[in-house]
Amino acid sequence: MRVLIVEDDPLLGDAVRLALGNAGFAADLVGTAEAARSALQAEPFDLAIVDIGLPRENGLRLVQGLRGRGKTIPVLMLTARDGLSDRVTALDLGADDYMTKPFEVPELVARCRALIRRAHAVASSRVTLGELEIDIVHKRVVVEGRALDLTQREWAIFECLVLNAGRLVSKDKLLASISDWSEELTANAVEQYVSRLRGKLGAAAQIRAIRGMGYRFDERTI
């Protein structure tokens with residue numbers, strides 16, 4: 001899953017980016033509201049983590065503007081402000097969750113996962129699709145009692161397809177789930193990882209290619 005961090009403190013922002021990367025997210029960092037709008041317009045992020053105290057234009061105005069333009073991306077506010085009025089304002093303007101600094105990384109990661117699941121109408125971190133038993137938190141897939149051995153990128157592609165089961169997922173979206181701005185991957189990489197996934201999943205699930213568009217888990221065959 002792809003996360004945009006909007007934080008003007010480069011040390012904190014980079015620490016969050018690295019922590020999310022270690023948790024399996026593809027994460028990118030910008031320092032202003034203007035840069036955040038450009039990034040969100042250009043690429044398919046799954047979540048935005050936004051600091052309130054941004055320079056020139058604060059995070060509250062950024063979120064308000066995103067919601068005003070119909071952007072439904074989940075937003076987690078991450079800020080040093082801990083007053084009740086700030087929390088209420090952030091939520092009223094369209095933020096989905098709110099954390100104060102300092103924070104614990106495991107909680108931040110858990111909240112990110114929960115917000116992304118909620119955005120895809122997936123109520124639990126444990127999902128059953130046909131013969132597949134999936135534990136999103138622990139990145140575990142079991143088929144008829146046998147755990148599959150997936151690499152981090154195979155898992156990222158798989159998770160994106162699972163959260164969108166039965167719906168088309170574009171190659172660009174899948175590519176975004178495995179790469180951030182520090183990497184130069186192409187759509188060929190997506191094809192390679194999908195091919196590997198098909199081999200490991202076998203007959204337990206079908207990842208169907210929609211020519212020129214992308215892939216989907218076909219709900220009729222899982």
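I49 contacts V3, L4, I5, V6, V16, L20, L76, L78, L108 and C112, leaving aside residues up to four places away in sequence; contact means heavy atoms within 4.5 Å. The model is predicted, so local features need pLDDT of at least 70 and side-chain atom pairs pLDDT 80 or more, whereas totals for chains, interfaces and linings use all residues. Residues are numbered from 1 along each chain as its sequence is written, and side-chain values use heavy atoms, without hydrogens and water.

I49 also belongs to the largest nonpolar core, which has 53 residues. Such a core is a set of buried Ala, Val, Leu, Ile, Met, Phe, Trp, Tyr and Cys residues joined through side-chain atoms within 4.5 Å. Buried means under 20% relative accessible area, with a 1.4 Å probe and protein chains only. L20, I49, L132, I134, F158 and F217 have the most contacts inside this core. Helix α6 (residues 152-163) gives the largest share, eight residues. Another core, of 22 residues, lies apart and includes V6, L62, V63 and M77.

Strands are DSSP runs of E, at least two residues long; helices are runs of H or I, at least four. Strand β6 (residues 126-129) alternates its side chains. V127 and L129 point to one face and are buried. Four bridges join β6 to the antiparallel strand β7 (residues 132-135); pairing needs at least two bridges found by DSSP. V127 stands opposite I134 in β7. Two residues separate the strands of this hairpin, and G130 in the turn has a positive phi of about 60°.

Conventions: Buried means under 20% relative accessible area, exposed over 50%, partly exposed in between (1.4 Å probe, protein chains only).
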